[in-house]
Amino acid sequence: MTETNGVTRTATKAEVAYELVRDQVLRGELVPGSVIQQGALARQLGISTTPLREALRRLMSDGLVELDAHRDARITRLTAEEARDLVEIRRSLDPLAAGLAAERRTQQELELIRSTAAELLPLRTDPGAAELSTHRRFHVAIYTASHNQMLVQTLDGLWDKADRYRRLALEDGRTEEDLDRTHTEHLALVDAIAAGDSDTAAAVMLAHVDASLGARAVARLTSAAAQPVARSLRGIRGGRR
């Protein structure tokens with residue numbers, strides 16, 4: 001069931017397929033770069049291929065799926081360039097949202113920020129959907145408190161793409177120092193927003209983004225992309241000896 005303008009209606013098969021496939025992509029069950037076997041996936045979802053193709057077109061507009069002229073579908077690959085773009089945008093917009101939240105939040109919004117912060121658990125190697133969802137709710141609570149709807153929509157739209165890079169970075173594991181730093185940053189954000197200190201809230205959020213899993217994904221993917229070049233150069237040098 002979905003609700004539009006206060007009217008509840010039954011979701012279409014294409015809408016259900018969109019949510020289910022999107023969830024599989026974001027959880028990494030559909031691996032980046034892999035081809036989608038549309039017939040098999042449609043049978044798994046209990047639908048025909050027609051609503052599935054409609055769902056895949058929506059996912060293509062989200063940047064999660066690629067469709068070619070032959071209607072083949074592939075999960076969008078993770079790239080250093082996209083990871084970098086996401087971090088660069090978040091370095092500007094997340095601190096802005098945090099600063100505005102400190103200035104504009106209501107008492108009710110502050111309580112929501114505090115309660116979601118209290119539910120946060122450290123994200124380790126293979127977090128469950130609930131753990132990732134809690135982190136998203138914490139950040140969305142801050143975004144919403146900015147009272148800038150365009151900013152909220154933009155940041156919320158970035159989150160799905162960013163989650164795939166968070167999962168990639170988590171494959172390398174996290175040290176206790178990493179976990180402690182993240183926890184401290186979350187507490188500092190809550191304190192700054194509660195105090196109405198927009199400058200501190202923005203500064204803490206900027207540091208949070210700079211040390212984020214997304215930033216670690218940029219470093220990992222950039223390093224991986226450079227390795228073939230490094231091996232090639234070593235081969236050239238070796239051939240000149």
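This is a predicted model: local features need pLDDT of at least 70, side-chain atom pairs count only at pLDDT 80 or more; totals for chains, interfaces and linings use all residues.
Helices α4 and α9 are roughly antiparallel to each other, because the angle between them is about 150 degrees and anything over 145 counts as roughly antiparallel. In general, two packed helices are described by the angle between their axes and the distance between the axes. The angle I have given; the axes here are 7 Å apart. For orientation, α4 covers residues 80-104 and α9 covers residues 198-210. The crossing of α4 past α9 is right-handed.

Which residues of α4 and α9 meet? On the α4 side they are V87, R90, R91, D94, P95, A98, G99, A102 and E103. On the α9 side they are S198, A201, A202, M205, L206, V209 and D210. By type, the contact splits into 9 nonpolar, 5 charged and 2 polar residues.

Now the whole chain. The protein has 241 residues, and 42% of them count as buried. How many helices and strands does the secondary structure come to? There are 10 helices and 4 strands. In sequence order, the pattern is β-β-α-α-α-β-β-α-α-α-α-α-α-α.

On surface, the protein exposes about 13200 Å², and 52% of that is supplied by carbon and sulfur atoms.

Where does G63 lie? G63 sits in the loop between α3, residues 49-61, and β3, residues 65-67. Setting aside neighbours within four places in sequence, G63 has contacts with T76 and K161. There is also a C-alpha separation to quote: G63 and R77 are 14 residues apart along the chain, and their C-alpha atoms are 9.9 Å apart.

The other topic is H147. H147 belongs to the loop between α6, residues 129-145, and α7, residues 149-170. What is the phi of H147? The value is positive, about 55 degrees, although H147 is not a glycine. As background, most residues other than glycine have a negative phi. Is H147 buried, exposed or partly exposed? With a relative accessible area of 46%, H147 is partly exposed.

Technical notes. Residues are numbered from 1 along each chain as its sequence is written. Side-chain values use heavy atoms; hydrogens and water are left out. Helices (H or I, at least four residues) and strands (E, at least two) are DSSP runs, numbered from the N terminus. Contact means heavy atoms within 4.5 Å. Buried means under 20% relative accessible area, exposed over 50%, partly exposed in between (1.4 Å probe, protein chains only). Accessible areas come from the Shrake-Rupley method with a 1.4 Å probe; for residues, only the protein chains shown count as cover. Axes are lines fitted to C-alpha atoms, for helices over the stretch in contact, and angles run from 0 to 180 degrees between N-to-C directions. Angles under 35 degrees count as roughly parallel, over 145 as roughly antiparallel, 65 to 115 as roughly perpendicular and the rest as oblique. A crossing is left-handed if the near helix is turned anticlockwise from the far one by less than a right angle, and right-handed if clockwise. Ala, Val, Leu, Ile, Met, Phe, Trp, Tyr, Cys and Pro count as nonpolar, Asp, Glu, Lys and Arg as charged, and the others, Gly among them, as polar.
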